[in-house]
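Keep the picture open as you read.

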Amino acid sequence: MLFHVKMTVNLPVDMNPERAAQLKADEKALAQRLQDQGKWRHLWRIAGLYANYSVFDVDSVQELHDLLMQLPLYPYMAIEVTAMCRHPSSIREDDR
Ligand SMILES: O=C(O)CC1=CCC(=O)O1
């Protein structure tokens, strides 16, 4: 199942810089692990914003939910999820 996810990060302005750096490093490590596993298919920066557009490929809505909730930056994110399905004109046979 494919989901388009918009994540907007809002770290408190008074957050300890070391804490912020650690959260970002932990987020990066998990994001790269999930990309290696094929769960996090695309990760794009939205130009001009501390936000990203991502595509997740997961087995269930529950898996997506659990995955998003375990992101280190989750407490500081606004998240918008859009479910996607195959377009009949798509030439990408491996998309589902
Ligand atoms: O910087 C972001 O958009 C939040 C984020 C998601 C994965 C990552 O490494 O940072």
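The tour below goes from the overall fold to the ligand and then to a charged pair.

Remember that this is a predicted model. Start with the chain as a whole. The chain has two helices and four strands. Follow them from the N terminus, and the order reads β-α-β-β-α-β.

The space it takes is the largest pocket. Which elements give two or more residues to the shell around the ligand? They are α1, residues 17-36, and β2, residues 40-45. Helix α1 gives the largest share of that shell, with three residues.

Next, pick out the neighbours by name. Val9, Glu27, Lys28 and Ala31 are among the residues that surround the ligand. Sorted by class, the shell has four nonpolar residues, three charged ones and one polar one.

Two of these neighbours deserve a second look. In Arg45, a polar side-chain atom lies 2.7 Å from an oxygen atom of the ligand. Asn52 also reaches a ligand oxygen: an N or O atom in the Asn52 side chain is 2.8 Å from it. How much of the ligand does the protein cover? On its own, the ligand has 280 Å² of accessible area, and the protein covers 88% of that.

Finally, look at charges within the protein. Side chains of opposite charge can pair when their charged atoms come close. The whole structure holds four salt bridges. Where do the partners sit? Lys39 is in the loop between α1 and β2. Asp59 is in the loop between β3 (51-57) and α2 (61-69). The two residues are 20 residues apart, so the pair links distant parts of the chain.

Notes: Residues are numbered from 1 along each chain as its sequence is written. This is a predicted model: local features need pLDDT of at least 70, side-chain atom pairs count only at pLDDT 80 or more; totals for chains, interfaces and linings use all residues. Side-chain values use heavy atoms; hydrogens and water are left out. A residue is near a molecule or strand if one of its heavy atoms lies within 4 Å of it. A polar contact is a pair of N or O atoms within 3.5 Å; within protein, one must be able to donate a hydrogen and the other to accept it, and residues adjacent in sequence count only if both atoms are side-chain atoms. Accessible areas come from the Shrake-Rupley method with a 1.4 Å probe; for residues, only the protein chains shown count as cover. On a 1 Å grid over the protein atoms alone, a cavity is a set of points where a 1.4 Å probe fits but cannot get out, and a pocket is an open set with protein on both sides within 12 Å along at least five of seven lines; lining residues have an atom within 4 Å of a point. A molecule sits in a cavity or pocket if more than half of its atoms lie within 2 Å of its grid points. Ala, Val, Leu, Ile, Met, Phe, Trp, Tyr, Cys and Pro count as nonpolar, Asp, Glu, Lys and Arg as charged, and the others, Gly among them, as polar. A salt bridge is a side-chain nitrogen of Lys or Arg within 4 Å of a carboxyl oxygen of Asp or Glu.
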